[in-house]
Amino acid sequence: GSHAPAEPERAAASESRAQERQAMRRLWQIYSRSVLPAESKSHFEHFSARPITAEEFESRPQVLLLGQYSTGKTSMVRWLTGSSSPHFDVRPQPSTDK
C-alpha cells in the first residue's frame, strides 16, 4: 500500500529539488551570459534554431510518441515513467477518439 513519506525522505526530496533549481538557475546564467551573446554575434538563428527563451528553459519537456495501433506506446511510457496513471487507457481496441 501507499504511505506518506517519512520526514527524512521528505527532507531529502526537498533538498534534491532545491539543488536541481540551483543547477538550472546556474545553467540559465551560463547560457544567457555566454552562449546567447555568441549565438547573437554569429547570427546562429539564421543557420539553425532561434535563441531559447527563459520560459522555454524553465518549462517541462513535452514528448510526442507516435506509432501504429497496439505497438506498445503506452506500455513504454509506463515503463519509462514508472507510473500506472489512470490517464493511461489501455484496451484491446483503439482507445483514441475519432
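Figure 1. The protein has four helices and zero strands, and the order of its elements from the N terminus is α-α-α-α. Buried residues account for 3% of the 98 residues. The accessible surface amounts to about 9,100 Å², and carbon and sulfur atoms contribute 56% of that surface.

**Figure 2. Confidence along the helices.** The mean pLDDT of the protein is 83, and 85% of the residues reach at least 70. Confidence is highest in helix H1, residues 7-41, with a mean of 90. The lowest value belongs to helix H4, residues 73-81, with a mean of 86. Where pLDDT is low, predicted coordinates should not be read in detail.

**Figure 3. Salt bridge between arginine 10 and glutamate 7.** The structure contains two salt bridges, and one of them joins the side chains of arginine 10 and glutamate 7, with an N to O distance of 2.8 Å. Both residues lie in helix H1, three residues apart, so about one helical turn separates them. Arginine 10 is partly exposed, at 40% relative accessibility. Glutamate 7 has a relative accessible area of 52% and therefore counts as exposed, the cut-off for that class being over 50%.

**Figure 4. Salt bridge between glutamate 56 and arginine 50.** Here the side chains of glutamate 56 and arginine 50 meet, with an N to O distance of 2.4 Å. Glutamate 56 has a relative accessibility of 34% and is classed as partly exposed. Arginine 50 is also partly exposed, and its relative accessibility is 48%.

Figure 5. Tyrosine 31 is located in helix H1. With a relative accessibility of 11%, tyrosine 31 counts as buried, because that class covers values under 20%. When neighbours within four places in sequence are left aside, tyrosine 31 is in contact with Leu36, Pro37, Glu39, Pro51 and Ile52.

Methods: Residues numbered from 1 in each chain as written. Predicted model: local features only at pLDDT ≥ 70, side-chain atom pairs only at ≥ 80, totals over all residues. Heavy atoms only, no water. pLDDT = per-residue confidence, 0-100. Helix = DSSP H or I, 4+ residues; strand = E, 2+ residues; numbered from the N terminus. Buried < 20%, exposed > 50% of the residue type's maximum accessible area, 1.4 Å probe, protein only. Areas by Shrake-Rupley, 256 points an atom, 1.4 Å probe, with all protein chains shown as cover. Salt bridge = Lys/Arg side-chain N within 4 Å of Asp/Glu carboxyl O. Contact = heavy atoms within 4.5 Å.
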